[in-house]
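Here are some notes to read alongside the model. Please keep the sequence and the 3D view open while going through them.

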Amino acid sequence: MTTAKSHLDILVVEDNQSFCEILSYGLRAKGHSVTSYPNAKAACDHLGQENIDLIISDIKMPGMNGIEFLHRVRRSRPEIPVILITGFSNIIEIQEAYELGAKGFLSKPFNNEQLHEAIMNSVGADRYQPTQEQAPRKTLKDRTDFFAIPIENFISGKKLLFPIYLALSESKLVKVANRGEDIPTDQIERLGQKGILEFYIENIDVQSYFNANLKITGSLSKTKAICHKRKIKFLNTSIKQIQDFTIRKDLDPDLYSVTQKSLEHALNYLAQTQDGFSMLEDLIKDCESLQSHTLFVSFLSTLIAKQIGWTSPQRLLLVALGGFFHDIGLAEIPEEICKQQDKNLLSLQDYKDYQQHPLLGEKNIQKLNSYPEGLDQIVAHHHERIDGSGFPHGYGRVKIHPVAKIIGLADEFAHILNEKKKAQKSGISKLVIEELQRSPTSFEHEHLDALVHLFDKKRVVLKNVI
Ligand SMILES: [Fe+2]
Ligand SMILES: [Fe+2]
């Protein structure tokens, strides 16, 4: 009989050096022993010699990729569980890896809790029982002028564009680095070991933080800035509409403020890219209800994403932007088709034309000078359903972009809500959820549960929604 270990010997294969360091210290902070290799070939050379309890490998690597590496592990050390680190672009590979017996998947960026959960699930309780005591979580409460950055998202070796703060207690902040300085990896590692999970930046610096992070992932190049007046007008009306969706006192205040902040950041981000902003302006300028609809889908999608535990600012930004742009393809569909609320009443040809809007939207996004990775797929997939009943492709669970699944649910919610609104004014959210639950195979259970939880006890009162 094997006794469960409290700490594991873990082999990490990751070509991105900064990410590898961050991942390794996160694992070491939990007491694991880590051996890391910058490529799969080097890891293969040591597969026979090492005492290995778990392998964590990136999929996308130069030379031998994570899938080929998984084939090699299956042949020589089939007993070792493997967790693969994926990006949104690896959807096809994920299916292949799953069939090859990969035990877990982690989407970049992930936090320490998600990493720990994946390890627990992959290795199994019979082989791994972590020691119970955990360092206390030190986070800041009730401060709206600062923004939290998960410590594992922080990358050393660059001059800081803004000062960084640390929470010493639930209310006390201290500046630990000035603009132009750097925080070395070993210091971040030590903070992690002390249970400090977040740095803080001032709200005014959040935009620079997003831009810096998006630049690191290579997905943003700024184009000409939007005229200040236009931007302010657009932001103000949009934010006012977002506020109108809910009566704030009825909603969990933390969740509401985080969601609203995410949307405001997304709008700010958008206002810095001339072509994306103009495209959105064009779509909504003649149709106020479409503006309301896109903002509502963005708002509800972000609420669902937060509710299921997504914390990464980059991913929440992608959710919010996905909401804004999901129907951008409707701009090319004849107005009378778009206006028909009940699509069952359309002629067969008109319905076929309507079904093209996700693909038209995808093409529009791809025409932009720059856009966050995956935004085109999210737009293309927002009418796909996990049971294959959606359009335009009839993709199933594995092929649909994870963000598009959430956008699709929020979009469906908005459409049903609009239908019900005509007949009934109160208790509509409950009716909408009941209707959604009648087709439970179309959406992820976890996402439907999040919706139920959000609208439980009538905490959210909806109004003025298309
Ligand atoms: Fe749509
Ligand atoms: Fe929509």
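1. Basis. This is a predicted model, in which local features need pLDDT of at least 70 and side-chain atom pairs count only at pLDDT 80 or more, while totals for chains, interfaces and linings use all residues. Residues are numbered from 1 along each chain as its sequence is written, chains are lettered from A and ligands numbered from 1 in the order in which they are written, and side-chain values use heavy atoms, with hydrogens and water left out.

2. Iron ion (ligand 2). Its protein donors are H293 (NE2), H326 (NE2), D327 (OD) and D411 (OD), at 2.1 to 2.3 Å. Donors are N, O and S atoms within 2.8 Å of the metal (3.2 Å for Na, K and Ca); water is not among the atoms, so sites may look incomplete. The spacing of these donor residues in sequence is H-x32-H-D-x83-D.

3. Geometry of that site. The arrangement is irregular because the four donor atoms subtend angles of 80 to 176° around the iron ion (ligand 2). Four donors count as tetrahedral if all angles lie between 85 and 135 degrees; four count as square planar and six as octahedral if opposite donors are over 155 degrees apart and all others between 65 and 115; anything else is irregular.

4. Iron ion (ligand 1). D327 (OD), H357 (NE2), H382 (NE2) and H383 (NE2) coordinate this ion at 2.1 to 2.3 Å. The site is irregular too, with angles of 85 to 177° among the four donor atoms.

5. The bridge. Which residue bridges the two iron ions? D327 does, and the ions lie 3.7 Å apart. D327 sits in the loop between α12 (313-325) and α13 (335-339) and D411 in helix α17 (residues 402-423), so this pair ties together parts that are 84 residues apart in sequence. Helices (H or I, at least four residues) and strands (E, at least two) are DSSP runs, numbered from the N terminus.

6. Burial. D327 has a relative accessible area of 4% and D411 one of 1%. Both D327 and D411 are therefore buried (under 20% relative accessible area; exposed is over 50%, partly exposed in between; 1.4 Å probe, protein chains only).

7. Cores. A nonpolar core is a set of buried Ala, Val, Leu, Ile, Met, Phe, Trp, Tyr and Cys residues joined through side-chain atoms within 4.5 Å. The largest has 54 residues, and L300, L321, F324, F325, F413 and L436 touch the most other members. Helix α17 gives the most to this core, with 10 residues. A second, separate core of 22 residues includes I59, M61, I67 and L84.
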